[in-house]
Amino acid sequence: HNDDIWLIDHGAAFYFQHNWKDTKKQAETAFPLIKDHVLVNYAKEIRKADTECRALLNREVFETIIEKVPYVWLEGDTTFQSPEAYRDSWVEYLTHRLSVSDVFVKEVERVQT
C-alpha cells in the first residue's frame, strides 16, 4: 500500500553495532555515507521530521523498545558482561544520538541535490 511505512535495511543503519568503541563519538558523526543513499533526495522535510521525532522520542521510549529485544539475541555478544549491559549501551547510544540529531539533519541538507 502506498501509505504504509516500510523499514529499509534498518539493521545496517547502525554501523556502530559492529564496533562498540567510542560510541559517543560515533553518535556525533554526521554519517557522510548518506550522500550515497538511494532515498536522500526524497528527504525534503528532514528538518520537520527531526523536530517531530525529537518530540516523540526520549530515553523512556528507547528503554521500552530495547526491552522488547529477545534476551537470546543479546546473550551471544561477548563485548558486554550481560544482556542488561548490552541493553543499557543501546539506550545510551540512541539517547545521545537523538540529542545531537541536528548533525545528521545538516548532513542530509548539505548533500541533497
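Start with Asp77: setting aside neighbours within four places in sequence, Asp77 is in contact (heavy atoms within 4.5 Å) with Trp20 and Tyr86. Asp77 sits in the loop between helix H4 (71–74) and H5. Helices here are DSSP runs of H or I with at least four residues, strands are runs of E with at least two, and both are numbered from the N terminus. With a relative accessibility of 23%, Asp77 counts as partly exposed, a class that lies between buried (under 20% relative accessible area) and exposed (over 50%), using a 1.4 Å probe and protein chains only.

A word on what you're looking at. This is a predicted model, in which local features need pLDDT of at least 70 and side-chain atom pairs count only at pLDDT 80 or more, while totals for chains, interfaces and linings use all residues. Residues are numbered from 1 along each chain as its sequence is written, and side-chain values use heavy atoms, with hydrogens and water left out.

Now step back to the whole chain. The protein chain has 6 helices and 0 strands, so the pattern along the sequence reads α-α-α-α-α-α. Of its 113 residues, 23% count as buried. Among contacts with a separation of 6 or more, 76% are between residues 24 or more positions apart.

On to the helix packing. Two packed helices are described by the angle between their axes and the distance between the axes. Here the axes are lines fitted to C-alpha atoms, for helices over the stretch in contact, and angles run from 0 to 180 degrees between N-to-C directions. Take helix H3 (residues 59–67) and helix H5 (residues 83–99): their axes come within 9 Å and cross at roughly 145°. H3 brings Arg59, Phe62, Glu63, Ile66 and Glu67 to the contact, and H5 brings Arg87, Trp90, Val91, Glu92, Leu94, Thr95 and Leu98. By class, that's 6 nonpolar, 1 polar and 5 charged residues, where Ala, Val, Leu, Ile, Met, Phe, Trp, Tyr, Cys and Pro count as nonpolar, Asp, Glu, Lys and Arg as charged, and the others, Gly among them, as polar.

A second pair is helix H2 (residues 46–56) and helix H6 (residues 102–111), which pack at about 165° with their axes 10 Å apart. That angle makes H2 roughly antiparallel to H6, the term for angles over 145 degrees. H2 also passes H6 in a right-handed crossing. The residues in contact are Ile46, Arg47, Asp50 and Arg54 of H2 with Asp102, Val105, Lys106, Val108 and Glu109 of H6. Sorted by class, they come to 3 nonpolar, no polar and 6 charged residues.

Follow the chain into the segment after H6 and you reach Gln112. A polar atom of the Gln112 side chain lies 2.8 Å from the backbone oxygen of Ala43. Beyond neighbours within four places in sequence, Gln112 is in contact with Val40, Asn41, Ala43 and Lys44.

Finally, look at the backbone. Most residues other than glycine have a negative phi. Asp22, in the segment before helix H1 (23–28), has a positive phi near 55°. Asp22 is partly exposed, at 49% relative accessible area. Phe31, in the loop between H1 and H2, also has a positive phi, about 60°. Phe31 is partly exposed too, at 26% relative accessibility.

Methods: Angles under 35 degrees count as roughly parallel, over 145 as roughly antiparallel, 65 to 115 as roughly perpendicular and the rest as oblique. A crossing is left-handed if the near helix is turned anticlockwise from the far one by less than a right angle, and right-handed if clockwise. A polar contact is a pair of N or O atoms within 3.5 Å; within protein, one must be able to donate a hydrogen and the other to accept it, and residues adjacent in sequence count only if both atoms are side-chain atoms.
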